[in-house]
Amino acid sequence: MGLGLGIDAGGTATRWRLADTQGQCVAQGSVAPLTGHLFSAAAEERARQIVLDMAQAVVKVGKPLGIIAGITGLTRETPAEATMRAMFAETFELSPDKVFVAEDMWIAYLAYFELGEGILVYSGTGSIGYYLSEDKQVIRVGGRGNLIDDGGSGFWIAREALKAILRTEEESPGAGWASTLGTCLARALGGTDWNVVRSFVYGGDRGKIGSLARAVGEAAYADDGTALRILREAGEELARLANALIKRLGPRPVALVGGSARLHPVVSSAFRKGLVAPVEFIATDLDAALTAARLAATLNRA
């Protein structure tokens, strides 16, 4: 049976799907976050171990004859792309021409649009606005990482929530953590002591910090005013990305995707309200890893 392996590697997890030539998903799973930031030998070794962990799970079902992977932080036509392709080819014992790797947004875009059709705004651990032209040229806005921006992302939401609670604590000790948002964050952090908070934030990676955004969503569903404000502002930040691309490309359908965009309806509501043009708005969640797997299955025929 010809099988294709699709991979969607984000900041929180690396999701994989195995599909047959009919497009049916025959197996799925997830492993640790995989990144294209192969800036050191240690980072490369970690990536190799993650790919190996995935392979061990995949081959229990069957060996893929083609692989398509979307990997966060990966830039095409760079040494990292060649290294990642070789890594997959060696681990799965495939010819390199049966492995296609690109940034995760490339795969996500094709899950929603034909080339050149629409604008994709993604909010996961990070955030980005993305357009893939008919001749496969990429125009991106945002996506510059949490140290510079990533407005409206899970990391951004978590940071804004922590900042709000800690500033309230400085002004009125006990009031911040006693709020609904504070309670939800404390539960996710494992405590309220500064040493606990500091260890969680500075001892983890951006994906771990971004995971705190779920606590903000939880508080918003309990009508916490601060949480609702932060998520409303997140929607506005994400709308800014869409508007930047609309200004450059003209009105096109816009898809708002990613886990952080689904934390609470206020995010998509603020996003839609903030769009500068009356364009078609798509808020349906599609499986980018499965899209990649279906495309990978067709590599078997090439």
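In strand β10 (residues 281-282), Phe281 is the bridge partner of Val254, and this position belongs to a parallel pairing of β9 with β10 that extends over 2 bridges. Helices (H or I, at least four residues) and strands (E, at least two) are DSSP runs numbered from the N terminus, and two strands are taken to pair if DSSP finds at least two bridges between them.

The model is a predicted one, in which local features need pLDDT of at least 70 and side-chain atom pairs count only at pLDDT 80 or more, whereas totals for chains, interfaces and linings use all residues. Residues are numbered from 1 along each chain as its sequence is written, and side-chain values use heavy atoms, with hydrogens and water left out.

Strand β9 (residues 254-257) is covered on both faces, with Val254 and Leu256 buried on one side and Ala255 and Val257 buried on the other; buried here means under 20% relative accessible area, exposed over 50%, and partly exposed in between, with a 1.4 Å probe and protein chains only. β9 also pairs with strand β6 (residues 119-123), in the parallel sense and over 4 bridges. Within this pairing, Val121 has Leu256 as its bridge partner, while the partner of Tyr122 is Val257.

β6 is itself mostly covered, 5 of its 5 residues being buried. Ile119, Val121 and Ser123 point one way from the strand, and Leu120 and Tyr122 point the other way, and in a regular strand the side chains alternate between the two faces of the sheet.

Strand β4 (residues 66-71) is largely enclosed by the rest of the structure, because 6 of its 6 residues are buried. Gly66, Ile68 and Gly70 point to one side of β4, and Ile67, Ala69 and Ile71 point the other way. Strand β1 (residues 3-9) pairs with β4 in the parallel sense over 6 bridges, with Ile7 standing opposite Ala69. β4 is also joined to strand β5 (residues 99-103), which runs parallel to it, by 5 bridges, and Ile68 stands opposite Phe100 of β5. From β4 the chain reaches β5 through helix α2 (residues 79-92), in a right-handed β-α-β crossover.

Among the helices, the axes of α4 (residues 154-171) and α10 (residues 225-249) come within 10 Å and cross at roughly 145°, where axes are lines fitted to C-alpha atoms, for helices over the stretch in contact, and angles run from 0 to 180 degrees between N-to-C directions. In their contact (heavy atoms within 4.5 Å), Trp156, Ile157, Glu160, Ala161 and Ala164 of α4 meet Thr226, Arg229, Ile230, Leu231, Glu233, Ala234 and Glu237 of α10. The residues of this contact divide into 7 nonpolar, 1 polar and 4 charged, with Ala, Val, Leu, Ile, Met, Phe, Trp, Tyr, Cys and Pro counted as nonpolar, Asp, Glu, Lys and Arg as charged, and the others, Gly among them, as polar.

Methods. A crossover is right-handed if, with the strands pointing away from the viewer, the path from the first strand over the helix to the second runs clockwise.
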